[in-house]
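Good morning. Please put the model up on the screen, and then I will go through it chain by chain.

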Amino acid sequence: MIRMDRFTFTYGGAGKPSLRDVSLEINEGEFVILVGPSGCGKSTLCRALNGLIPHFYGGNIEGGVSVDGQETRHTPPAKLAGIIGMVFQDPENQLVMTNVENEMAFGMENLALSREEMHSRVAQLSTYFDLQRFFKRFIPELSGGEKQKVALASVLAMRPKYIVLDEPTSQLDEETAVLFLDFLKRLNREQGIAIVIVEHRLERCLRHAQRIVLMEGGRIILDGKPKELMLALREKGLIADFSRKTVEDGHSSVVLSARSLDFAYGETKILKDLSLDVRSQEIVAIVGANGCGKSTLLKHLNGLLRPKAGKVVLMGQDIEKSTTASLANQIGYLGQNPNNYLFEETLTKELEFTLKNLSIDHREWKERIDWSLKVLDLERYREMFPRDLSCGERERAALASVIVGRPKILVLDEPTRGLDYGNKEKMASILDALREQGMTTVLVTHDYRFVAEHATRVMRLEEGRLTDVPLDSIMSLAKSAICVEA
Amino acid sequence: MPLLFPYQDKDSRIHRMDARPKIAFVAAIFLLSILISDIFYLAVFLVFALVVVTAAKVLRATLSLLKYTVYVAAFLFLFSILFSQGSTVIFTIWIIQVTQESILFATSMSLRLFLAIVAFSVLTFTVHPDDLLKILSRFGVKSMTGLSIATRMYPTIAADSGSIEDAMKARGVEFDKGNVIAKAKVRAPVMMPLLLNSMDRSMEIAEAMEARGFGARRRTSYYDPIMSRRERAIMYLALAAVPFGVAMFILGYGNANYIGGSTLTVDSMDVLVVAVEVLLFAPILLGARK
């Protein structure tokens, strides 16, 4: 049993505690979902369970945590690793070795297991996880879902009694995430391993849980069976009914079009004779499986990639001869990782960096910065180091650094990835507001719900071509993703 | 997506071999190439090393590495000719005398360089970084783990810098305008997010390693560290080539002073010595374990 007893923790240098007086017991064989808005202390709680707090993160603690009777205060996480395993959010940053087999062995080597034991466990797990196919594969070549599976297998190889997962699906697409969660359930049922999982898309893992723990402001405010908590979760907006807010307009003029694009990476053809017309004030969503070329397509729209054949026409002009930078004041682009946009000392300076590059007249700066920060609800963070902001706020800060150039068209690559429900709603209403001000948006996403509620048009990229997806069918997909049993 | 990672994952008898005999081979060839200056010896070694990389199916990768060395060699020739010291003039261009001494000296130096590169490509292209790590980690655990993570993260960081560049372009930074200095200057802001991202990553990795029990106790090893008898023989024979080569060098075999007037001569004793040395290295071609 993991027992947390009146535990309070304040990170070094932080003014207020991230966890306040938390008491929690986790029994063997349980499946617990930990929910709550961004910044409520979920990740901190996970790290307190296996002793990363206080051993890896400095800070002030009161109360205590014990794992099967061992006080985490006196036992470093490395010593607890055989009892409690942890899977982190970013698959990229938790794999240490270069191939799958060595990765699975890494933890067992740390436990100083005998060679025979390690080989038998690797054999067993690779069958269980169906990993033999890429046993010797180079880890950076695996997809996100595969990496996350390898991370889980590597933790499991150490035969822990408890596994704590901190938003393990936030970097995965919808289908992969559902498979991953089903797999976790199977593990829990067949091997009796206790699972504690942080998941902000509650809808999709609700059916697996025996117990839900709801956190807010560093405290546990509710703890019980899913059925008992349904009403409260709805009230908190953690489970929301589906509603479509966006309405389609009549026909406006075409502002961006792609004509017969062909593109290949080496021998692999990605885009084949692809055409697309985007009209003013549309929100066009592009969906499709992982690796089908959605990001590649987006990068063609502002010249980050150039087609092997075909052309892109922006506001009536062929962009073939223009550099991406020279198009930046007409078409804004936000890639997948907002951190790539954030490096200046303050948010204001971050926006000024863009304005300077675009040679915008100094007299316009203040007005533009004020406008961007207002639209994105970031006014209070003007003087903050943008990388210190929360995940949702960083996404918006990165978007601010793009829209400050006042482009007519926005191209967004998975703008809601990793965001919790509240932040996603916020992002959506921002896109709606920008649309009302005349902005046209093309975005790639895996989030059917977001698409169904906010896109004016949906297209699927498959085998290098785009096909229209009727909004009705997207809505039924979105609804099936929220299959909630009350 | 192209991966910037030097190791070539091929199925060859050289790849299948334990890393240690390969490291011994590379070290021995390298030491001899520093010592020996005779063109005949160096040329034979170079041909042999090329045979080894061919057997390892990494000839193409090796040649593309050598491509850059050709410029260095060209510079060596130019330099030796311009500052020639010898007196045996072969021909004269304008006022520059091209001497036999300088040509031979430059040839010897270039062969030495090529040999070192080819030998090292056996190491970089056929020894898996994880294996290299395991051998190195015997000499000190934690510091060497850092090295392994660096190799593991290299492709990630390379991809990172690509997407940061994209983000910058989308914010109006022109990367391909102006001269070399302007281009370099405009790239400076890329370094900042790259550095910050890498720092975040390294913290997360350290945390993940800690959570997986790294450093709690003395580790065991997943792989069988025992070499087969054959691999052991390959390793010892390659190592034996060093004292043999040194002894022969002291006796004057393989030692040519081209600046001092040595000429390109090969006698039967030279052929015999080279043959013995190559024979000591040759078992590597047989490879090992199935």
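What does the accessible surface of chain B come to, and how much of it belongs to carbon and sulfur atoms? The surface comes to about 14,900 Å², and 69% of that belongs to carbon and sulfur atoms. Accessible areas here come from the Shrake-Rupley method with a 1.4 Å probe, and for residues only the protein chains shown count as cover.

Some housekeeping before I continue. This is a predicted model, in which local features need pLDDT of at least 70 and side-chain atom pairs count only at pLDDT 80 or more, while totals for chains, interfaces and linings use all residues. Residues are numbered from 1 along each chain as its sequence is written, chains are lettered from A and ligands numbered from 1 in the order in which they are written, and side-chain values use heavy atoms, with hydrogens and water left out.

Back to chain B. Chain B has 10 helices and 2 strands. Along the sequence, the order is α-α-α-α-β-β-α-α-α-α-α-α.

Now the dimensions of chain B. Its C-alpha atoms fill a box of roughly 65 × 60 × 30 Å along the principal axes.

How many of the 290 residues of chain B count as buried? The figure is 42%. Buried means under 20% relative accessible area, exposed means over 50%, and partly exposed is in between, with a 1.4 Å probe and protein chains only. As for contacts, meaning heavy atoms within 4.5 Å, take those in chain B with a separation of 6 or more: 78% of them are between residues 24 or more positions apart.

One residue from this chain. Ser268(B) lies in helix α10, residues 268-281. Is Ser268(B) buried or exposed? Ser268(B) is exposed, at a relative accessible area of 63%. Between its C-alpha atom and that of Asp18(B), 250 residues away along the chain, there are 36 Å.

Next, chain A. Chain A has 17 helices and 20 strands. Its radius of gyration is 24 Å, close to the 23 Å from the globule rule for 486 residues, so chain A is as compact as a globular protein of that length. The C-alpha trace spans about 70 × 50 × 45 Å along its principal axes. Of the 486 residues, 59% count as buried. The accessible surface is about 19,000 Å², with 47% belonging to carbon and sulfur atoms.

Two buried loop residues in chain A. Phe129(A) is in the loop between α5 (115-128) and α6 (144-156), and its relative accessible area is 0%, so it is buried. Beyond its neighbours within four places in sequence, Phe129(A) is in contact with Lys149(A), Leu152(A), Ala153(A), Leu156(A) and Phe183(A). His446(A) sits in the loop between β18 (440-444) and α16 (448-454) and is buried as well, with a relative accessible area of 10%. Not counting residues up to four places away in sequence, His446(A) touches several residues, including Asp173(A), Glu174(A) and Glu414(A).

Now some backbone angles. Arg6(A), in strand β1 (residues 2-11), has a phi near 45 degrees, a positive value in a residue other than glycine. Arg6(A) is exposed, at 52% relative accessible area. Asp21(A), in strand β2 (residues 19-26), has a positive phi of about 50 degrees and is not a glycine either. Asp21(A) is partly exposed, at 35%. A cis peptide bond joins Ile53(A) and Pro54(A), with omega about 10 degrees. Pro54(A) belongs to helix α2, residues 52-55.

Last, a helix pair in chain A. Which angle do helices α12 and α14 of chain A pack at? The angle between α12 (residues 347-357) and α14 (residues 391-403) is about 35 degrees, and their axes are 8 Å apart. Axes are lines fitted to C-alpha atoms, for helices over the stretch in contact, and angles run from 0 to 180 degrees between N-to-C directions. On the α12(A) side the contact is made by Leu347(A), Glu350(A), Leu351(A) and Thr354(A), and on the α14(A) side by Ala397(A), Ala400(A) and Ser401(A).

Technical notes: Helices (H or I, at least four residues) and strands (E, at least two) are DSSP runs, numbered from the N terminus. The radius of gyration is taken over C-alpha atoms; the globule rule is 2.2 Å times the number of residues to the power 0.38.
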